[in-house]
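Here is a short briefing on one protein chain. Look over the sequence and the structure first, then read the points below.

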Amino acid sequence: TGTTSTWTVTSVPAGGNAGDIVFSAPSSGTSNVTVNPSAVGGNYTLTWTVTNAPCVSAVASLTLTVVEAPPAASVGSNQSVCAGSISSGLGGNNPAPSTGQWTVTSVPGGGNANDIVFTNASAQNTTVTVNASAIVGNYTLTWTIAATGPCPSTNDNLTLTVVGQASPASVGVNQTICQGATSLGLAGSAP
């Protein structure tokens, strides 16, 4: 008789499924494995069995640790905020099982990232305060969900458009007018 060999999954973590581990070539010692995206995180035991009947099989095992990938980052809609004001919630998604962090990754010419102040940069739906001295223009805010083990980080961006405050308003003097007449110029200040 001939020698045969095979890879098998011999133990899975609680809630795991051996079918979530797929061998590219189960009878090859150099097989690769693909882990289904729905696989439960934890330790899977992979066993390599070499059989040469009627002899006793030779068995060796290794542990494959599956790490749950961080979710794809997503954020809320772009926002426009007046300098000196507070934004709405930025709408980042839940980073579990990882953690998330907001950063300013782009500023308009002459702008300063320090003019955008996060209430809590690690909170998914944080707000920002825009300093009154902020340069008008587009700021890119990035929500990054950290890598977990061998799994890469993910990120998404939104544009925060800082709009300058309106110039002070002024008007002319009070007027008295007869019905049906046209008033004198109201003398409102230019925008």
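**Strand pairing and cores**

Threonine 6 has threonine 49, in E4, as its bridge partner. The model is predicted.

- E1 and strand E4 (residues 42-52) are joined by eight bridges and pair in the antiparallel sense.
- Three strands make up this open sheet, in the order E1-E4-E5, with antiparallel pairing.
- Strand E1 (3-11) and strand E5 (58-66) are at the edges; each has a single partner strand, so one side of each has no neighbour in the sheet.
- From one strand to the next, the twist averages 20 degrees.
- Strands of a sheet pair through backbone hydrogen bonds.

**E10 and its partners**
- E7 and E10 run antiparallel and are joined by six bridges.
- Glycine 100 has isoleucine 145, in E10, as its bridge partner.
- E10 also pairs with E11, again in the antiparallel sense, over nine bridges.
- Within that pairing, asparagine 138 is opposite threonine 161 in E11.
- How much of E10 is buried? Seven of its nine residues are, so E10 is largely enclosed by the rest of the structure.

**The nonpolar cores**
- The largest nonpolar core has 20 residues. Those touching the most other members are Trp102, Ile116, Phe118, Val128, Val130, Leu141 and Leu160.
- Two or more residues of this core come from each of strand E7 (100-106), strand E8 (116-118), strand E9 (128-130), strand E10 (137-145) and strand E11 (154-163).
- E10 gives the largest share, four residues.
- Leaving aside neighbours within four places in sequence, valine 128 is in contact with Ser85, Ile86, Ser87, Leu90, Ile116, Val117, Phe118, Thr119, Leu141 and Leu160.
- A second, separate core has 10 residues, among them Ala39, Tyr44, Trp48 and Val66.

**Threonine 126**
- Threonine 126 sits in the loop between E8 and E9.
- Is threonine 126 buried or exposed? Its relative accessible area is 5%. Buried means under 20%, so threonine 126 counts as buried.
- A polar atom of the threonine 126 side chain lies 3.0 Å from the backbone nitrogen of asparagine 120.
- Neighbours within four places in sequence aside, threonine 126 is in contact with Ser88, Gly89, Leu90, Trp102, Phe118, Thr119 and Asn120.

Methods:
Residues numbered from 1 in each chain as written. Predicted model: local features only at pLDDT ≥ 70, side-chain atom pairs only at ≥ 80, totals over all residues. Heavy atoms only, no water. Pairing = 2+ DSSP bridges. Axes fitted to C-alpha atoms, helices over the stretch in contact; angles between N-to-C directions. Core = buried A, V, L, I, M, F, W, Y, C linked by side-chain atoms within 4.5 Å. Buried < 20%, exposed > 50% of the residue type's maximum accessible area, 1.4 Å probe, protein only. Contact = heavy atoms within 4.5 Å. Polar contact = N/O pair within 3.5 Å; in protein donor to acceptor, adjacent residues only side chain to side chain.
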